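Have the sequence and the picture ready.

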Amino acid sequence: MEFKILRVNMATKECRFEEIPAQYFGLGGRGLTSTIIASEVEPTCSPLGPHNKLVFAPGLLGGTNCANSNRISVGCKSPMTGGIKEANSGGQPGGHLAQMGITALVVEDIAEDGSWYQLELTKDNAKLVPSTVNGLNNYDAVAKLTEQYGKDCSYISIGRAGEFKLTAASIAFTDRELRPARHAGRGGVGAVMGSKGLKAIIVNPEGGANHPLKNPDAFKESAKRFAKALMDHPVCGQGLPTYGTAVLINILHEAGGLPTHNFKTGRFDGHDAVSGETMNQITKERGGEGVVSHGCMTGCIMRCSGIFPDKKGKAVGKWPEYETLWAFGPNSGIDDLDMIARYDKICDDVGVDTIDVGCALALLMDAGVLKFGDAEGALQLMEEISKGSAIGRVLGCGTAVTGKVYGLRRVPVVKGQSLPAYDPRAVKGQGVTYATTPMGADHTAGYAVTANILNVGGTVDPLGKNGQIELSRNLQVATAAVDTTGLCLFVAFAVLDNPDALVAIVEMLNAKYGTSLVLDDVTSLGKKVLETEIDFNRRAGLTEAADRLPDYFSDEKFAPHNVKFDITPEDLDEVLKW
Ligand code: SF4
């Protein structure tokens with residue numbers, strides 16, 4: 001099987017397969033997208049201009065039978081943070097690209113103003129053709145593309161938000177049922193795709209196959225042990241398939257770390273109405289097209305994604321993730337699961353990040369544009385994004401822009417990206433990650449909720465200072481490595497509690513590539529990826545001064561525990577040093 005990099009130039013329309021340069025050997029997923037961006041993109045360039053690049057890369061374990069290994073990373077310079085960005089997604093295209101031997105797809109330069117293209121991609125051919133779906137949101141676009149290209153393809157697309165180049169625009173990836181419901185959500189990667197004039201990518205996997213393995217028997221044995229470790233773990237094997245990530249709503253409420261009414265308090269009276277337990281119950285009671293335990297991509301065995309049915313049993317969209325439920329629910333004072341499922345569907349359709357836009361909605365409530373809890377008002381505002389009205393564009397640009405337009409002081413962002421669903425004062429390890437990850441505030445970059453709240457991989461008091469720096473550092477290093485393999489990050493619960501799961505991952509890499517990696521090599525890989533990303537950010541002008549939370553988190557006490565964020569700047573500056 002031949003492995004290659006595909007370069008697509010939007011200005012010349014040239015599509016060129018090339019051999020993988022030596023400097024990119026041994027990399028995949030986030031490790032590869034970040035290395036390509038850091039090597040080939042001038043850090044001070046305009047994120048929406050011709051010198052930025054957009055890179056798609058399956059992970060090192062993509063194209064195998066390893067459980068949950070077919071995610072795809074998207075990298076670029078972010079129009080939201082001004083720094084390097086990696087956002088990853090489930091769905092089918094990651095596995096398809098891997099099976100086609102495409103180690104990375106690099107989109108370069110920009111098309112003529114106002115023109116839109118779609119990329120037709122087969123195993124050996126790539127061709128840019130005028131888009132047949134510009135002006136459409138993701139669901140209509142994918143329906144039309146499916147009519148044109150068939151159900152065996154998978155699709156990557158942007159909605160209207162990407163066409164408008166809004167800074168919270170996402171890129172959609174179709175799931176197994178061809179719903180454009182899986183997204184590389186954060187940091188405005190959809191705006192970069194829009195800036196290039198690329199509306200959609202049609203991935204035809206015909207002729208593709210799983211990768212050859214240097215040692216198939218060893219791979220099979222390790223993959224089996226890894227899958228068992230996932231299924232034996234209470235979060236991976238039971239919590240996620242039963243309740244989705246929404247299992248966290250009641251847990252964070254109990255812990256007093258569920259940001260409510262734009263990060264004012266840590267508990268929400270209506271928590272139960274928007275919890276995973278309620279979502280599970282409603283889905284089962286309504287039946288119809290509702291589904292509990294759905295996998296977003298082939299090979300997923302944790303199946304955290306359900307299908308949410310309306311009152312008549314018709315599918316609204318995927319189960320909203322915990323962060324989506326939080327952003328539109330507790331943080332916006334809305335306790336109506338049906339309405340939140342509709343906002344989530346709008347976000348998937350128009351193509352925006354639910355965290356940044358949901359957080360921006362809460363800011364509009366704080367600004368008095370509508371009241372906290374006004375579910376109908378929120379729906380009307382959400383519908384403005386697709387129309388391209390002024391308020392819709394503000395909302396679709398996310399939290400930082402909304403805060404500026406309305407002159408607000410309490411704007412929960414780091415490096416211009418909104419804080420997710422764990423208050424940094426009551427879950428301090430998470431606050432350390434928000435401040436210091438090169439990505440801008442991002443819960444997935446070093447998920448300290450594990451030891452702070454869930455007692456997974458040890459226990460660190462969420463309200464205290466002790467141990468938070470080390471916790472965040474270790475998790476950020478491990479996450480950078482996991483994001484390079486293409487594994488779904490949720491495997492981390494099992495990996496943190498069961499040392500053999502990590503051993504199995506290393507064994508699978510060795511059995512696939514014929515390498516002799518040891519556990520320390522995984523740590524070295526994670527560090528190398530982070531060093532590459534930090535170096536890009538420094539060259540882009542993001543100094544350590546950008547590694548801070550907004551000061552009101554250090555000034556205001558947060559109920560119910562009446563805590564402030566009290567990790568010092570000096571301590572934050574030590575997080576990503578080794
Ligand atoms: S666990 Fe959830 S997010 Fe991860 S691959 Fe499966 S369905 Fe997708």
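Here we look at a sheet, a helix pair and a ligand site.

This is a predicted model, where local features need pLDDT of at least 70, side-chain atom pairs count only at pLDDT 80 or more, and totals for chains, interfaces and linings use all residues. Residues are numbered from 1 along each chain as its sequence is written, and side-chain values use heavy atoms, leaving out hydrogens and water.

Start with the open, mixed sheet: its 6 strands run in the order S8-S7-S12-S9-S10-S11. Strands (E, at least two residues) and helices (H or I, at least four) are DSSP runs numbered from the N terminus, and two strands pair if DSSP finds at least two bridges between them. S8 and S11 stand at the edges with a single partner strand each, so one side of each has no neighbour in the sheet. S7 and S12 run parallel, joined by 5 bridges; Leu 119 is partnered with Ile 201 in S12.

| Strand | Residues |
|---|---|
| S7 | 117–121 |
| S12 | 198–203 |
| S8 | 126–130 |
| S11 | 182–184 |

Now for the helices. H11 (residues 337–350) and H13 (residues 375–387) pack at an angle of about 5°, with axes 10 Å apart. Axes are lines fitted to C-alpha atoms, for helices over the stretch in contact, and angles run from 0 to 180 degrees between N-to-C directions. That makes H11 roughly parallel to H13 (angles under 35 degrees count as such).

Finally, the ligand: the residues around it include Arg 71, His 294 and Phe 490, where being near means a heavy atom within 4 Å.

Note on methods: Angles under 35 degrees count as roughly parallel, over 145 as roughly antiparallel, 65 to 115 as roughly perpendicular and the rest as oblique.
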